[in-house]
Amino acid sequence: MKVWKMSMAPLVLASLMLMLLVSACGSNNDKNNAPAADNTASNAKNDTAANAPDNAANDTATTEPAPAAEPPVELTYYYIVYDMPADQQEVEDAINAYIQPKINATIKLKPVLEAGYKDKINTMLAANESFDLLWTSNWGGGDYDNKVAKGALLPIDDLLDKTPDLKAAIPQVAWDDTKVDGKIYGVPNMQIAAKAEGFAIQKRFIDKYNIDVNSIKTQMDIEPVLKTIHDNEPDIIPIATTSNMFDFGRQYGYAAQGYKLGDPNFKIIDTTDKPEYKTFLDNMRRWYTSGYIYKDAATMKDDQLVALLNTGKVAVEWNTTMKPGGEVDDKKRFGNNDVVYVRVSEPEFTGVRATMNSISRTSKNPEKALEFLQLTSTDPALFNLITFGIKDKHYTMVGDNTIKINQDAGYKGDQGWVFGNVLIGYLKEGQAPDTWERTKQLNETAKRPEVNGFNFNTEPYKTESVNIAAVSEQYGKALNSGAVDPAKVLPKYQDALKKAGVGKQTEEMQKQLDEWLKANGKK
Amino acid sequence: MNTSQAIAAESVKIKATGQRKEPFSVVNLLSHILFIGITLAMIVPFVLVISISFTEETSIIEHGYQFIPLDFTAKAYRYIFEAPLVLIRAYGITIITTVIGTILSLLVTAMLGYVTSRRDFRYRTPASFFVFFTMLFNGGLVPSYILIKQYLHLDNTIWCLILPALVSPFYIMVMKGFLSKMPFEIIESAKIDGAREIRIFFTIVLPLSTPALATLGLFLSFGFWNSWFPALLYIDNEKLIPIQLLLVRMMQKLEFLTSNSDFISQFGVDTSKFPTLSARMAMAILAGGPMVCIFPFFQKYFVKGLTVGSLKG
């Protein structure tokens with residue numbers, strides 16, 4: 001008995017450690033196996049669901065109530081919001097009342113504030129939690145590439161055949177842009193997919209000084225305007241921006257990928273090595289020393305710029321979107337002063353990865369989920385409901401297709417770009433009636449980049465790109481805003497970039513681009 | 001703030017005794033200067049935060065941060081109190097979790113620490129090891145998430161804010177260390193007087209360990225007051241959001257703005273409603289303020305807990 005007691009402690013210890021080890025390994029295995037197991041599971045579900053009565057496709061075409069034989073499924077939809085709507089439940093009930101007869105499904109809306117979107121969704125995916133829809137993007141918390149790489153999203157190519165309306169509602173070029181290794185993992189939310197560069201100018205100064213906006217054809221043409229404002233309005237800051245006005249060099253004849261347009265070799269050149277960049281910096285330096293550029297521009301963060309614009313003291317802002325109807329949104333940003341857009345570059349198609357909705361691998365009803373997305377992309381009634389809320393409560397009609405959002409009610413997020421096709425939705429008060437037509441037209445006519453559909457995979461040069469970002473933060477901002485003398489600082493900047501590995505990054509980018517060009521027969 | 005106040009209190013003490021007993025010495029002077037410097041380095045930013053929260057936004061942009069607001073206004077606080085219900089509810093949640101969490105956690109910590117400190121407990125070593133082991137190895141985020149959400153179904157309840165943080169192995173080790181210095185004879189004499197284990201624990205051990213409990217209680221309550229990540233992960237119900245998560249949300253809007261300005265203009269996100277700088281500072285004051293006020297009440301135990309090393313009777 002005594003002996004047994006003595007041996008007890010090490011035994012307990014040993015078994016404890018063994019148990020912990022086993023459980024640790026076990027959970028690891030689980031994690032590794034999860035996507036694979038999941039994959040087969042959802043495939044199996046696909047099959048059974050596909051064999052089930054084909055009422056899904058029929059239902060969307062006709063508005064007849066679904067056969068009562070099948071109980072309605074509940075979909076869960078996680079998406080990003082910037083303010084938690086107070087009347088969420090009410091709107092959700094209205095949506096369910098609307099969609100249940102159509103697709104025999106109800107939806108549970110799960111808005112997540114942008115502050116925790118990425119963490120929360122990634123944890124849920126890692127935990128293999130069962131849900132159906134989630135918002136994805138190539139920026140912010142959307143994390144599209146990463147989620148595709150982890151196998152968290154369901155490829156929807158085959159499912160799309162069952163939702164022909166959805167397939168037709170979105171142009172092929174947009175579908176192509178969402179593809180990763182030839183498969184579609186997201187339904188793009190159609191909105192403005194083209195960008196142009198230009199200036200947003202406060203209208204009161206245009207009127208006051210009789211500025212001829214048609215004479216502004218290039219970036220440098222704004223200089224006389226800035227001079228006029230600087231000389232006559234001591235309280236006003238002529239121009240403020242935090243972004244690099246050289247940008248990707250579209251203004252100066254370069255593609256966003258970094259090669260000179262028209263170059264048959266598609267040779268990628270780093271920004272600082274472009275000869276035009278030096279000229280640009282000299283111009284910026286002149287603007288800065290003349291007092292046109294806000295003196296703190298070099299250290300200003302975007303949120304400070306927003307605050308500065310809100311005061312209404314900025315006359316001109318460099319704008320890299322120039323979307324039709326954007327003047328209405330910008331009026332608010334400029335402290336309620338009307339602005340005029342002056343475009344100085346050709347609009348260029350920028351792709352649709354900025355906002356998409358994807359189906360989770362863990363979804364139990366991927367077809368229903370896709371049918372829901374079909375509705376948000378093709379059915380204006382549903383899209384307007386989920387975007388603007390309930391009529392006469394959350395918004396009032398002020399025109400045929402124009403509404404005024406009720407700022408005192410509990411659903412004023414105005415985030416149509418998260419849910420679906422904004423081009424089928426209402427217009428906001430102040431937007432021109434033809435805004436959507438112009439947007440559609442812009443999307444269609446915007447110049448397709450020669451390498452349309454190509455996206456860099458940043459994974460191989462992640463370390464370098466982080467280092468380069470840090471160096472650019474240090475030198476680039478001060479240079480681009482003219483706060484320092486380019487003759488002295490540019491060589492230092494180039495030196496620091498070399499040390500940060502810009503050579504390796506360019507090489508890797510070139511390699512990826514060359515491969516793509518070869519695969520697409522362009523080289 | 002807290003450490004700075006403690007240090008300040010210490011230095012005041014040193015000063016008071018120094019004046020009476022010791023003549024002027026360079027070492028003393030230098031250490032005073034050093035501590036005054038450290039104290040200032042901690043207090044000054046806090047004062048700056050307070051004054052920014054009372055400054056007009058345009059004045060911040062034009063003149064930068066000022067210690068004395070050029071343009072005094074309480075606008076930022078009005079902005080936050082526009083929806084007082086949200087704030088009051090968040091305070092309520094935070095206070096409930098802090099109070100319940102601290103009390104429960106102290107109880108569990110004291111019990112576990114006491115049991116593992118008793119030399120006559122046969123499985124003392126394995127039990128201590130079991131606690132210690134979790135300090136070195138733990139399941140990590142995803143397994144805890146699965147446990148709490150999929151097995152215990154604690155999501156969207158107040159318990160998911162309390163239970164996961166209830167047992168902290170480090171505090172148990174501290175408690176054990178404190179209690180193991182307590183003479184076993186006290187417990188034995190209580191036993192002779194006829195007390196059973198429960199009674200010994202509640203009427204002898206707990207009262208004798210007030211300094212340790214106060215110190216740990218302070219740390220624990222800070223932990224509960226400042227925690228927001230569990231709420232972010234497990235809470236979807238807006239009515240159960242603690243105050244710190246509100247603060248984090250406000251602060252991260254700034255980060256969102258700084259990294260995504262391109263998309264903001266593309267989508268037309270209405271930035272005019274975003275919290276201003278002074279509003280964010282006001283929120284920081286509101287979220288941290290109550291704890292700053294509570295600290296002085298704990299302070300005497302705090303200092304005692306550090307200095308009272310034994311209970312030699």
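How far apart do the end C-alpha atoms of residues 158–179 of chain B lie? In this predicted model, the end C-alpha atoms of that span are 32 Å apart, and the span is 68% helix and 0% strand.

In sequence, B:Trp159 and B:Thr97 are 62 residues apart, yet in space their C-alpha atoms are 8.3 Å apart.

Chain B also carries a nonpolar patch on its surface. The patch is formed by B:Ile36, B:Leu40, B:Met42, B:Ile43, B:Val44, B:Val47, B:Phe67 and B:Ile68, which together have about 680 Å² of accessible area. One of these residues, B:Val44, sits in helix H2 of chain B (residues 26–53). The relative accessible area of B:Val44 is 32%, so this residue is partly exposed.

Rolling a probe the size of a water molecule over the atoms shows where empty space is left. A search of the whole structure finds 6 cavities of 30 Å³ or more, and the largest cavity has a volume of about 280 Å³. It is lined by 21 residues, of which A:Lys323, A:Val422, A:Lys428, A:Trp436 and B:Phe267 are the closest to its centre. Four helices each supply at least two residues of this lining: H14 (380–388), H15 (416–419) and H16 (435–445) of chain A, and H15 (261–267) of chain B. The largest share, 3 residues, comes from H14 of chain A.

A:Asp392 lies in the loop between H14 and strand S14 (395–397) of chain A, and its phi is near 65 degrees, a positive value in a residue other than glycine. A:Phe266 has a positive phi as well, near 50 degrees, and is likewise not a glycine. The loop that holds A:Phe266 runs between strand S9 (237–240) and helix H10 (275–290) of chain A. Are these two residues buried or exposed? A:Phe266 is buried, with a relative accessible area of 6%, whereas A:Asp392 is exposed at 57%.

Charged side chains form another set of contacts, with 28 salt bridges found over all chains. In chain A, A:Asp176 pairs with A:Lys179, their closest N and O atoms being 3.6 Å apart; this pair counts as a salt bridge because the limit is 4 Å. Both partners are partly exposed, A:Asp176 with a relative accessible area of 34% and A:Lys179 with 31%. A second pair in chain A joins A:Lys331 and A:Asp338, with an N to O distance of 3.7 Å.

In chain B, the side chains of B:Glu197 and B:Lys191 meet in a salt bridge of 3.7 Å, N to O. B:Glu197 is partly exposed at 37%, and B:Lys191 is partly exposed at 38%. This pair belongs to a network in which salt bridges that share partners join B:Arg118, B:Asp120, B:Lys191 and B:Glu197.

A further UniProt annotation concerns chain A. The unreviewed entry places the feature "domain: DUF3502" at residues 452–518 of chain A. Over these residues the chain is 76% helix and 0% strand, and the end C-alpha atoms are 14 Å apart.

Terms used:
Residues numbered from 1 in each chain as written. Chains lettered and ligands numbered in written order. Predicted model: local features only at pLDDT ≥ 70, side-chain atom pairs only at ≥ 80, totals over all residues. Heavy atoms only, no water. Patch = residues over 30% accessible without salt bridge, like charges linked within 9 Å, V, L, I, M, F, W, Y side chains within 5 Å. Areas by Shrake-Rupley, 256 points an atom, 1.4 Å probe, with all protein chains shown as cover. Buried < 20%, exposed > 50% of the residue type's maximum accessible area, 1.4 Å probe, protein only. 1 Å grid on protein atoms, 1.4 Å probe; cavity = no way out; pocket = protein on both sides within 12 Å on 5 of 7 lines; lining within 4 Å. Points joined across faces, edges and corners; volume = space filled by probe spheres on them. UniProt positions renumbered as here; feature names shortened; annotations may be inferred.
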